[in-house]
Amino acid sequence: MNAAFEGSYLGDSSKLDDGTSLECGICWQVYDPALGDSVAQVSPGTPFAALPDDWRCPSCDAPKQKFLVLGTARGTAAGDDAVLRLVAAYRNAATEMRGLPVYNPQLIVEALGFMDYGERRVGVMVTPWFMNIAVLPGGSDQQEWAAGRSLRLTFPSGAYDFLVSELDGVGLVASCSLFSPMNDFTDHEAARLAATAAFEALLQPDPEEAVAEPPAAAAAPVSRRAFLSAGG
């Protein structure tokens, strides 16, 4: 198995963190504890370990033992309170978005790559309905940023247009769209790989004139199944 993939078949589910998301090893359907399972009437906030032994994948009916550990919603944001609040806001939004045509149930909310860039925090937000470059403002931004305002922010690869919004529990955040909707991604690892590639491209100097389009991954999203098959 390629080292880039963190999934592993479930052993003792009682040892899982309550926030750990898992995906079906047959159809890649995600079980996110924050959302529960509306098909089986499992309430939001139910950890995977608390699911009954006879619980089955709501998509393909695979048994609980076929689920793989995907990771927690904290992702690379562990220990970063501002980014964790951002993740929490989008996880709350996911409960309203679930079931809509733009919602991809193979994906979870995850913050990737967040780091300090000057006074700001910059990274990529992946959700089941969009992937954005996200910027949390620094101290000097407070006088200039306002919800609904368009900003042009500069990075090593060029200058990009961002839209500022205000989220409950978070405050202001500037977003630049990479993908929306997310229906072309067949599993979460494909979205994670695309997000990582886009963030790396954002921070790479562009030898030419500043680009006008956000640095989305050059290749089309590839499923984990296809990637593993190609890797032999």
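Rings of Phe, Tyr and Trp, the last taken by its six-membered ring, pair if their centres lie within 6.5 Å. In this predicted model, the count by that rule comes to eleven aromatic pairs.

One of these pairs joins Tyr 90 and Phe 130, and it is edge-to-face because the planes stand at 75°, over the 60 degrees required. Tyr 90 lies in helix α1 (residues 81-97) and Phe 130 in the loop between β5 and β6, so the pair ties together parts 40 residues apart in sequence.

Another pair, Tyr 103 with Trp 129, is stacked. Tyr 103 lies in the loop between α1 and β4 (110-117) and Trp 129 in the loop between β5 and β6, so this contact ties together parts 26 residues apart in sequence.

| Pair | Centre to centre | Angle between planes | Type |
|---|---|---|---|
| Tyr 90 and Phe 130 | 5.2 Å | 75° | edge-to-face |
| Tyr 103 and Trp 129 | 6.2 Å | 20° | stacked |

Elsewhere, ring pairs link Tyr 31, Phe 48, Trp 55 and Phe 67 into a cluster. The charged end of Lys 64 sits over the ring of Phe 48, 5.3 Å from its centre.

The largest nonpolar core has 29 residues, of which Met 131, Phe 162 and Phe 185 touch the most other members. Helix α2 (188-202) is among the elements that each supply at least two residues, and its seven residues are the largest share. A second, separate core of 20 residues includes Tyr 103, Met 125, Trp 129 and Phe 130.

Methods: Residues are numbered from 1 along each chain as its sequence is written. This is a predicted model: local features need pLDDT of at least 70, side-chain atom pairs count only at pLDDT 80 or more; totals for chains, interfaces and linings use all residues. Side-chain values use heavy atoms; hydrogens and water are left out. A nonpolar core is a set of buried Ala, Val, Leu, Ile, Met, Phe, Trp, Tyr and Cys residues joined through side-chain atoms within 4.5 Å. Buried means under 20% relative accessible area, exposed over 50%, partly exposed in between (1.4 Å probe, protein chains only). Helices (H or I, at least four residues) and strands (E, at least two) are DSSP runs, numbered from the N terminus. Rings of Phe, Tyr and Trp (its six-membered ring) pair if their centres lie within 6.5 Å; planes under 30 degrees apart count as stacked, over 60 as edge-to-face and the rest as tilted. A charge sits over a ring if NZ of Lys or CZ of Arg is within 6 Å of the ring centre and within 35 degrees of the ring normal.
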